[in-house]
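This briefing covers aromatic ring contacts. A pair of aromatic rings is described by the distance of the centres and the angle of the planes.

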Amino acid sequence: MKNSFKMQFREIAVKKTTVATYLAVLLFVAVNFSVNLLENREIQYVSQMYDPIKKLTWSSWSASGYYLMQLFPLLAVFPTATSWISEKNSGIHAYIRSRSGEREYWYGKMGAAFVISFLIFTVPFLLELLLSIICFPMQSAGDPSGFSYLITVEEGTGYILSQLFYSNKVLYAAVFILIIGCVAGGFAVFNLFVTTLPGFRYKIFTFFPIYIFLFLLTVGESWISPNESLYYGLLLTMFESGNANYPLFAAVIVGMLAISFLLAERKIREGGVR
């Protein structure tokens, strides 16, 4: 499976859609970081500066992050959505399968899709975190809300991993970014393997499965998780203290991966293209 993964990883990594997605994510990060630089340039005292962790792109206080979140499902699947149809049309899938075998081909594809999306949604944000540590004073504790420190501490107990934030805010940001990367990878794998089902003949339709799934998840919120939200925009934003159901959302991601494994096994049993 290692050889299959390498071949398919290289195949996806050099695609124009992958490069475009990575550059788009970098642009959102660059805009957010530039805004933070301009804001801090006008402030003379460290005590008046905002906490740099609370101004990262994925923070609820980032305008750039807000618009990025609207595109998150599309960007997560954009590099890999058309992968299967493109390979099937070009015939390269037959070459890779002949070199690696049926099972190795499909699980190599699964691994490549996950890792590509994971890297796209972790590397730029980890870089932003590193640059923020270098460029901004980490001892600054100003809150973008304008409220006092004690008030923000009390409100902060409602968001995910809040204890980690108050013990080590850099580690908190790194862990949060890795979680987002895993979710993006899960979206990419699920969307890709749904497109292996009969009926997906045109590339334009390969971007729909993830949106349809998320729409159905949102519609089913009322009976799946009463009084709690499963909206990805709420769950994947730092410093949100809304009524988000993180354990159930994690179970949904695991379920999406399980469905992907079942679809992979289905293709392996078929032993070819129908």
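Phenylalanine 261 is partly exposed at 39% relative accessibility (buried is under 20% relative accessible area, exposed over 50%, partly exposed in between, with a 1.4 Å probe and protein chains only). The model is predicted: local features need pLDDT of at least 70, side-chain atom pairs count only at pLDDT 80 or more, and totals for chains, interfaces and linings use all residues. Residues are numbered from 1 along each chain as its sequence is written, and side-chain values use heavy atoms, with hydrogens and water left out.

**Aromatic pairs**
- The whole structure holds 23 aromatic pairs (rings of Phe, Tyr and Trp, the last by its six-membered ring, with centres within 6.5 Å; planes under 30 degrees apart are stacked, over 60 edge-to-face, the rest tilted).
- Phenylalanine 72 and phenylalanine 187 form a tilted pair, 5.7 Å centre to centre with 55° between the planes.
- This pair links helix α3 (residues 63-77), which holds phenylalanine 72, to helix α10 (residues 169-194), which holds phenylalanine 187, 115 residues apart (helices are DSSP runs of H or I, at least four residues, numbered from the N terminus).
- Phenylalanine 72 is buried at 0%, and phenylalanine 187 is buried at 0% relative accessibility.
- Tyrosine 107 and phenylalanine 261 form a tilted pair, with centres 5.7 Å apart and planes at 35°.
- Tyrosine 107 lies in helix α6 (residues 102-120) and phenylalanine 261 in helix α14 (residues 246-270), 154 residues apart.
- Tyrosine 107 is buried at 16% relative accessibility.

**Cluster**
- Trp58, Phe72, Phe121, Phe125, Phe187, Tyr231 and Tyr232 are linked into a cluster by ring pairs.

**Charge over a ring**
- Lysine 54 lies over the face of phenylalanine 239, 5.4 Å from the ring centre (NZ of Lys or CZ of Arg within 6 Å of the ring centre and within 35 degrees of the ring normal).

Methods:
Helix = DSSP H or I, 4+ residues; strand = E, 2+ residues; numbered from the N terminus.
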